[in-house]
Amino acid sequence: MQTQLLLQKEGVFYDLDLYEEIPVTANLSINSITELQERNAGFSNTFTLPGTKKNKERFNSFFDVNGVDFDPLTRINCVIQNDGNDIFKGTMRLNSVINTGDYQEFEVYIVNTHFLA
């Protein structure tokens, strides 16, 4: 399976580098399962993205990351795809910037997610 995480800004989608698969879990209510028109998931879990050159450029641009400082109120529309099919749509928030020596990681959380599969 090929999982992708895409950020959407001004109608343009930008992909992010992942460690491997995104460990996506979601809380589903009974209504989400029985009412097919209301398939909204509450949230996905928090996960970490690698500090690759591409990710650093995206996070610096979208979240105003400066070292470990960033705008915590910024939300960016995003889509999680699996094999090219949209699975989740929501908004991404940056929880923290993790600096380990010379390496940087980004801890993110997706909120207001819609389960599409």
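Reader: How are Phe-59 and Phe-63 separated in helix α2?

Author: In this predicted model, Phe-59 and Phe-63 are separated by about one helical turn, because they sit four residues apart in helix α2, which covers residues 53-63. Their rings form a stacked aromatic pair, with 5.3 Å from centre to centre and 20° between the planes.

Reader: And are those two buried or exposed?

Author: Phe-59 is buried, at a relative accessible area of 0%, and Phe-63 is likewise buried, with a value of 0%.

Reader: Why does the pair Phe-59 and Phe-106 count as stacked?

Author: The ring centres of Phe-59 and Phe-106 lie 4.2 Å apart and the planes meet at 10°, so this pair counts as stacked, the cut-off for that being under 30 degrees.

Reader: Which residues make up the aromatic cluster, then?

Author: Phe-59, Phe-63 and Phe-106 together form one aromatic cluster, and the count of aromatic pairs comes to three.

Reader: What else is Phe-59 in contact with, leaving aside its neighbours within four places in sequence?

Author: With those neighbours set aside, Phe-59 is in contact with Leu-16, Leu-49, Asp-64, Val-65, Met-92, Leu-94, Phe-106 and Val-108.

Reader: Let me turn to the core; which residues of the largest nonpolar core touch the most other members?

Author: That core has 22 residues, and the ones touching the most other members are Leu-5, Leu-49, Phe-59, Phe-63, Val-65, Met-92 and Leu-94. Two or more residues come from each of β1 (3-9), β5 (47-50), α2, β6, β7 (85-100) and β8, and β7 gives the most, with five residues.

Reader: Changing topic, where is Thr-74?

Author: Thr-74 lies in the loop between α2 and β6, the latter being residues 75-82.

Reader: Why does Thr-74 count as buried?

Author: Thr-74 counts as buried because its relative accessibility is 14%, and the cut-off for buried is under 20%. Its side chain is joined to that of Asp-71 by a polar contact of 3.0 Å. Beyond neighbours within four places in sequence, Thr-74 is in contact with Phe-62, Phe-63, Met-92 and Arg-93, and Phe-63 and Met-92 are among the core residues that touch the most other members.

Reader: How many helices and strands does the protein have?

Author: The secondary structure comes to two helices and eight strands, and read along the sequence they follow the pattern β-β-β-α-β-β-α-β-β-β. Of the contacts between residues at least 6 apart in sequence, 57% join residues at least 24 apart.

Reader: Where is confidence lowest and where is it highest?

Author: The average pLDDT is 79, and 74% of the residues score at least 70. Confidence is lowest in helix α1 (residues 30-34), at a mean of 46, and highest in strand β2 (residues 12-16), at 95. Over residues 26-34 the pLDDT is below 50, and this stretch has 13 contacts in the model beyond near neighbours in sequence. Where pLDDT is low, the predicted coordinates should not be read in detail.

Technical notes: Residues are numbered from 1 along each chain as its sequence is written. This is a predicted model: local features need pLDDT of at least 70, side-chain atom pairs count only at pLDDT 80 or more; totals for chains, interfaces and linings use all residues. Side-chain values use heavy atoms; hydrogens and water are left out. Rings of Phe, Tyr and Trp (its six-membered ring) pair if their centres lie within 6.5 Å; planes under 30 degrees apart count as stacked, over 60 as edge-to-face and the rest as tilted. Buried means under 20% relative accessible area, exposed over 50%, partly exposed in between (1.4 Å probe, protein chains only). A polar contact is a pair of N or O atoms within 3.5 Å; within protein, one must be able to donate a hydrogen and the other to accept it, and residues adjacent in sequence count only if both atoms are side-chain atoms. Contact means heavy atoms within 4.5 Å. A nonpolar core is a set of buried Ala, Val, Leu, Ile, Met, Phe, Trp, Tyr and Cys residues joined through side-chain atoms within 4.5 Å. pLDDT is the predictor's confidence in each residue, from 0 to 100.
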